[in-house]
Amino acid sequence: SKREIKMRKLDSTKVRPLKSEQLLHIEDHDFALRPGFGGSPIPVGIDVQVESIDSISEVDMDFTMTLYLRHYWKDERLSFRSNKNKSMTFDGRLIKKIWVPDVFFVHSKRSFIHDTTVENIMLRVYPDGNVLFSLRITVSAMCFMDFSRFPLDTQNCSLELESYAYNEDDLMLYWKHGNKSLSTDEHISLSQFFIEEFSASSGLAFYSSTGWYNRLFINFALRRHIFFFVLQSYFPAMLMVMLSWVSFWIDRRAVPARVSLGITTVLTMSTIMTGVSASMPQVSYIKAVDVYLWISFLFVFLSVIEYAAVNYLTTVEERKQLKKRGKVSGMYSMDAVQAMAFDGCYHDTDVDMDLSPYPDPCEENETRASQTNISSEDTPRLKRKRSLKGNVGRIILQNNHVIDTYSRIIFPSVYIVFNFFYWGLYM
């Protein structure tokens, strides 16, 4: 009908692409060839606006970045007449019909052009043939990370751009505005990293079969936030090391207490080390966190070995004393030290060594405390027993082995020196 014909004429979305193609003379040229084919290389300017750094993966050694990539070049085949000298803007539908630079991302693992709600592509053509080609891309690329100082490290990553088909004889890539060609969003932030700097640079890449190519670099430095790892790894390790020192103040004859404390701290340190290793790539070199955790584990382990030495020397010493006093009896299969290890009661050498044969010290203490008829010659011994019960701290100090005494000073001192050296070296 006449009304439908009139509506079709007024529908600019169907008429404008055809008029634009005619105005740009697209059908009159072969756009399979680059502009100025056979002559000097065509200069293609690049500028980039980084929208966000979405993720950094230590395990995969890559990063994901979203950016606006803009290309600038001149193609006289697209020049047109314009009375007002205004440019024309198109979407992605015209891209397939003209020549555009074949820029790709070196070392990229995956990338895509955003297509919501339509493809995020813009083409702007000026009357003199200058072209602006812009697109919004998310790309995941490799970043060769060095974890020798992890988690006190700074990682330097780069996103590299290069033409795939055209070497330097056909296409010359360059930063459009020099160092100002790279801009970033002010609100870019990462959970584990602080972005120290963004910079743009350029260079050449050589391929033996195809020649030299221009390559552009988007460089950025990432410094890791240490506070998370202090709370999750360093601080718990410090607490476990200091907890292992508590055994130096526990009576050397309290075998269950000291052994269980040593085993608990060793297992806890093993759990901390396993948790850190699980979140890291399996590299063949030693990381800074490994040095700290293994040294801390060594301190905890040595505290267990220290008590093993104390317990052994105590056993040897008391056996010698028993032999000197002639109190060793074949009627009993356990000596005084072994009895203590099972009954858990305190055996003072000067007091218990006078008892023959060996009664149960716990029952003896209760019996003596309940007796009302005590001879005058037993009074000093009873007072001595009561003084032992009332001054437990003094008794522990006096009856600890000399190794425990030195360990209370040597272990904390060496660990403090190690911490000063470690943080001074890696910070």
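Analyst: The turns below go through a sheet, some backbone exceptions and the packing of helices.

User: What should I know about the model and its numbering before reading anything?

Analyst: This is a predicted model, in which local features need pLDDT of at least 70, side-chain atom pairs count only at pLDDT 80 or more, and totals for chains, interfaces and linings use all residues. Residues are numbered from 1 along each chain as its sequence is written, and side-chain values use heavy atoms, with hydrogens and water left out.

User: How do I read a sheet, and what is the strand order in the open sheet of 4 strands?

Analyst: Strands of a sheet pair through backbone hydrogen bonds, in a parallel or an antiparallel sense. Strands (E, at least two residues) and helices (H or I, at least four) are DSSP runs numbered from the N terminus, and two strands count as paired if DSSP finds at least two bridges between them. Here the order is E4-E8-E12-E11, and the pairing is antiparallel. Strand E4 (103-106) and strand E11 (193-207) are at the edges with a single partner strand each, so one side of each has no neighbour in the sheet. On average, neighbouring strands of this sheet are turned by 25° against each other, direction ignored.

User: How many bridges join E8 to E12?

Analyst: Strand E8 (residues 154-163) and strand E12 (residues 211-224) run antiparallel and are joined by 9 bridges. E11 and E12 are also antiparallel, paired over 14 bridges, and they form a hairpin with 3 residues between them.

User: Which residue in E12 is the bridge partner of cysteine 157?

Analyst: Cysteine 157 has phenylalanine 220 of E12 as its bridge partner. Phenylalanine 220 is also the bridge partner of phenylalanine 198.

User: What counts as an exception in the backbone, and where are the cis peptide bonds?

Analyst: Most peptide bonds are trans, and most residues other than glycine have a negative phi. Threonine 117 sits in the loop between strand E5 (108-113) and strand E6 (121-125). Another cis bond, again with omega near 0°, links phenylalanine 150 to proline 151, and proline 151 is in the loop between strand E7 (130-142) and E8. Methionine 61 is not a glycine, yet has a positive phi of about 55°; this residue lies in the loop between strand E1 (42-57) and strand E2 (62-74).

User: Where does UniProt place the transmembrane region feature?

Analyst: UniProt positions are given in the numbering used here, feature names are shortened, and annotations may be inferred rather than shown by experiment. The unreviewed UniProt entry places "transmembrane region" at residues 226-247, 259-279, 291-310 and 409-426. In the model, residues 226-247 are 82% helix and 0% strand, with end C-alpha atoms 31 Å apart. Residues 259-279 are 95% helix and 0% strand, and their end C-alpha atoms lie 31 Å apart.

User: How do I read a helix pair, and at what angle do H3 and H4 cross?

Analyst: Axes are lines fitted to C-alpha atoms, for helices over the stretch in contact, and angles run from 0 to 180 degrees between N-to-C directions. Angles under 35 degrees count as roughly parallel, over 145 as roughly antiparallel, 65 to 115 as roughly perpendicular and the rest as oblique. The axes of helix H3 (residues 227-244) and helix H4 (residues 255-278) come within 9 Å and cross at roughly 165°, so H3 and H4 are roughly antiparallel. Contact means heavy atoms within 4.5 Å; Ser233, Pro236, Ala237, Met240, Leu243 and Ser244 in H3 meet Leu261, Thr265, Thr268, Met269, Ile272 and Val276 in H4.
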